[in-house]
Each structure stands twice: as structure tokens, then as C-alpha cells.
Amino acid sequence: MAKFSMRLVPDQTPAKVKEQLLAYLEQHVPGTMTWELIEHAHANPAVIDTSSKAVKTAARAFEETWGKPPIYDRLGGTVPVVDMLQSELGVDTLMLGFGLPDDNIHGPNEKQHMPTLYRGVETVIRFLNEYGK
């Protein structure tokens, strides 16, 4: 049995992508094979607004802690609550990363560089202190 996951990008919806995948499979899977598409879960993609108060406050906290402005990187990841907070509650969302490239996140040899974690905690404290004013 083949299993795979798909990541969506902004302006895609799980329902439309599933419909397109089904159409593709129906057209391309040989008639001698049987198959079944099982959707275990889905989540809408989200984009963080870099002009929001939360992001601007976080950028200042990063610069104060690390001595350099943050780098904005558009990465994929499945965090369903981000879209829910945006679409259902209309609140600004913020995702902060404190991992290093070799941390092997979600891998069997995942690690966290402790000095980076401690500075990450300091960054979050600075953010919360300023954002709450």
C-alpha cells in the first residue's frame, strides 16, 4: 500500500486538491489495479502577515536579543491551529523558530542547541513584555 502526504500552499484548499488528485488517479492508474484514497486529516495553509503588530514587535525582540534583524523565510509546515486562529478568530498569528539547520527537527536524531533555546526564551520574554503594553 502506498502512502503519501501533500502540503498545500496559500490559495489552495484541501477539498479542491483532493478533487484534483482523485481526477488524476482515475485517469492515470491502470485498470488492472485497485486503489483507494483515504484522507486521514487536512488543514488549510496559512501565511503570517509580516506587517502585523505581532511580527513587528517580534522583530524588535529578535534584534534586541540577537543583535541582528530577523530573516523572514516562507516555509511549509502543518500547524492547523494557525489558519483556525486567523480565519475563525481574526487574530494575528506569529510563528517563531529557534532551531538550527542541523537540529534534524522531527528526525530520530533530533536535537536542540541549548544556547539557542535560552536565547529563544529571552526573545519570547522580550516580545511578550512589549506586545502586552
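The legends below describe a whole-chain view and several close-up views of one predicted model.

Residues are numbered from 1 along each chain as its sequence is written. In this predicted model, local features need pLDDT of at least 70 and side-chain atom pairs count only at pLDDT 80 or more, while totals for chains, interfaces and linings use all residues, and side-chain values use heavy atoms, with hydrogens and water left out.

Figure 1. In sequence order the pattern is α-α-α-α, where helices (H or I, at least four residues) and strands (E, at least two) are DSSP runs numbered from the N terminus. The radius of gyration is 20 Å, well over the 14 Å that the globule rule gives for 133 residues, so the chain is more spread out than a compact globule; the radius is taken over C-alpha atoms, and the rule is 2.2 Å times the number of residues to the power 0.38. The C-alpha trace spans about 60 × 35 × 20 Å along its principal axes. Of the 133 residues, 17% count as buried, a class that means under 20% relative accessible area, with exposed over 50% and partly exposed in between (1.4 Å probe, protein chains only). The accessible surface comes to about 10,500 Å², and 56% of this belongs to carbon and sulfur atoms, with areas taken from the Shrake-Rupley method with a 1.4 Å probe and, for residues, only the protein chains shown counted as cover.

**Figure 2. Threonine 57 in helix H2.** Helix H2 (residues 53–66) has the highest mean pLDDT among the elements of the chain, 97, whereas H3 has the lowest, 91; pLDDT is the predictor's confidence in each residue, from 0 to 100. Threonine 57 counts as buried because its relative accessibility is 1%. Leaving aside neighbours within four places in sequence, threonine 57 is in contact (heavy atoms within 4.5 Å) with Phe127, Glu130 and Tyr131.

**Figure 3. A nonpolar surface patch that includes Leu89.** The patch, of about 600 Å², is made by Val79, Val81, Met84, Leu85, Leu89, Val91 and Met95. Patches are made of residues with over 30% relative accessible area and no salt bridge, with like charges joined within 9 Å and nonpolar side chains (Val, Leu, Ile, Met, Phe, Trp, Tyr) within 5 Å; a salt bridge is a side-chain nitrogen of Lys or Arg within 4 Å of a carboxyl oxygen of Asp or Glu. Leucine 89 lies in helix H3 (residues 80–89) and counts as exposed because its relative accessibility is 59%.

**Figure 4. Asparagine 104 and histidine 106 in the loop between H3 and H4.** Most residues other than glycine have a negative phi. Asparagine 104 counts as partly exposed because its relative accessibility is 34%, whereas histidine 106, at 74%, counts as exposed.

**Figure 5. Isoleucine 38 and its separation from aspartate 103.** Isoleucine 38 is placed in the loop between helix H1 (14–28) and H2, and at 46% relative accessibility this residue counts as partly exposed. Isoleucine 38 and aspartate 103 are 65 residues apart along the chain, and their C-alpha atoms are separated by 32 Å.
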